[in-house]
Amino acid sequence: MLAWSMPIRTSIPLPARPAPQRRRGLSVAALLAPLLMAGVLWAMTRSPLSLVFAAAGPLAAAATWFEARRATRRELAGAALERAAALRRVREQLAE
């Protein structure tokens, strides 16, 4: 009699791809509100120094936007490293 055995099937889950990050845009309110407030302040005081506030708001909004982009890139890089390590573990399991 011929003994024939079926291979044992083992399930090895593959790591999921990192979820796509939502792009964050510049806030229009963060850009326009300081401009409006600086215009009102300048109209009331006629001080050129009050126009500094007109530049401060958009600069802060742009800095926040750049920081959010940098943080998103860092998160994606970390997720990619984690997935690469998980794929390496799967390859090791398959090689056994």
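Among contacts in the chain between residues at least 6 apart in sequence, 69% join residues at least 24 apart. Contact here means heavy atoms within 4.5 Å. This is a predicted model, in which local features need pLDDT of at least 70, side-chain atom pairs count only at pLDDT 80 or more, and totals for chains, interfaces and linings use all residues. Residues are numbered from 1 along each chain as its sequence is written, and side-chain values use heavy atoms, with hydrogens and water left out.

Start with the parts. The chain has 2 helices and 0 strands. Both kinds are DSSP runs, numbered from the N terminus: helices are H or I with at least four residues, strands E with at least two.

Now see how the helices meet. Helix α1 covers residues 28-45, and helix α2 covers residues 52-95. They pack at an angle of about 170 degrees, with axes 7 Å apart. That makes α1 roughly antiparallel to α2 (the word applies to angles over 145 degrees). Axes are lines fitted to C-alpha atoms, for helices over the stretch in contact, and angles run from 0 to 180 degrees between N-to-C directions. From α1, Ala 30, Leu 31, Pro 34, Leu 35, Ala 38 and Leu 41 make the contact. From α2 come Phe 53, Ala 54, Gly 57, Pro 58 and Ala 61. These residues divide into 10 nonpolar, 1 polar and no charged. Ala, Val, Leu, Ile, Met, Phe, Trp, Tyr, Cys and Pro count as nonpolar, Asp, Glu, Lys and Arg as charged, and the others, Gly among them, as polar.

Finally, look at the whole chain. Its C-alpha atoms fill a box of roughly 105 × 15 × 10 Å, taken along the principal axes.

Conventions: Parallel < 35°, antiparallel > 145°, perpendicular 65-115°, else oblique.
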